[in-house]
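Please keep the sequence and the model in view while reading.

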Amino acid sequence: MEPPGTLIDCGLCVLRPWREADLSALVRHADDKDVARMLRDHFPHPYTVDAGRAWLLMAAIDDPPTALAIEVHGEAAGGIGIVPGADVHRHTGTIGYWLGRAFWGRGIATAAVGHFVPWAASTFGLVRFVAEVFATNPASMRVLEKCGFEREGVLRAHVYKDGRFIDEAIYGRILNGPRGPARPGPPDTNAVPSS
Ligand SMILES: CC(C)(COP(=O)(O)OP(=O)(O)OC[C@H]1O[C@@H](n2cnc3c(N)ncnc32)[C@H](O)[C@@H]1OP(=O)(O)O)[C@@H](O)C(=O)NCCC(=O)NCCS
């Protein structure tokens, strides 16, 4: 039987909205330099109880939720989320994810990303997914490759993290085939002809 609140059953884990009761598991798994060093500074280190409370409040705002907990064996073991684009990027979403170190190497992130992408596509009307990965993070690159993402390029010295510049790899996946939708969308009647 699925754990209560399950939104997506990924087999090795379930994805579901964050809850207040996740605070202690969140802080326990997130307060890890080796997790934080692969993420934006927005994910703090040390990861305090106050940071955890602030995150749980923020994660509860969006409906449908854009940030989900990755639950393993009944506890929040990490997180996965989407930032849907705006304007001309409104059919593109940027995904991010992390998992507590105790759960690494079991295929859990791959299961989470693989199931989250189609859910986010239908929930937010997305066609293209992007992930921005520090060049120092081969495990995450592998996760994305296993989930059908392609490496599209490298932004040199795009990241300043922990006192040094590092390259950032861009991974992308377009649903409905490797090169995108088979047929072009309807003509945009509001388009301004380019001169
Ligand atoms: C990246 C992360 C999510 C991976 O989670 P995970 O559940 O261990 O990933 P999976 O087990 O699904 O897959 C990991 C893959 O990377 C491979 N891998 C792990 N370390 C590696 C390394 N140093 N070099 C190359 N491949 C590596 C594993 O062998 C596995 O591939 P395989 O199945 O072909 O053997 C996890 O390590 C994490 O949360 N790291 C910190 C935060 C982070 O990096 N988030 C992503 C930011 S873009």
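## Helix α5

In helix α5, which spans residues 138-146, the buried residues (20 or more other C-beta atoms within 10 Å of their own, with C-beta atoms placed from the backbone) are Ser140, Val143 and Leu144. Because they cover an arc of only 95° around the axis, they lie on the same side of α5, the arc being that of the directions from the helix axis to the C-beta atoms. Pro138, Ala139 and Arg142, on the other side of α5, are exposed (12 or fewer such atoms).

Helices (H or I, at least four residues) and strands (E, at least two) are DSSP runs, numbered from the N terminus. This is a predicted model, in which local features need pLDDT of at least 70 and side-chain atom pairs count only at pLDDT 80 or more, while totals for chains, interfaces and linings use all residues. Residues are numbered from 1 along each chain as its sequence is written.

## Around the ligand

The ligand is surrounded by 21 residues (C-beta atom, placed from the backbone, within 6 Å of it), and the closest are Met38, Ala109, Thr110, Pro138 and Arg142. The elements that give two or more residues to this shell are β5 (92-99), α4, β6 and α5, and the largest share, 5 residues, comes from α5.
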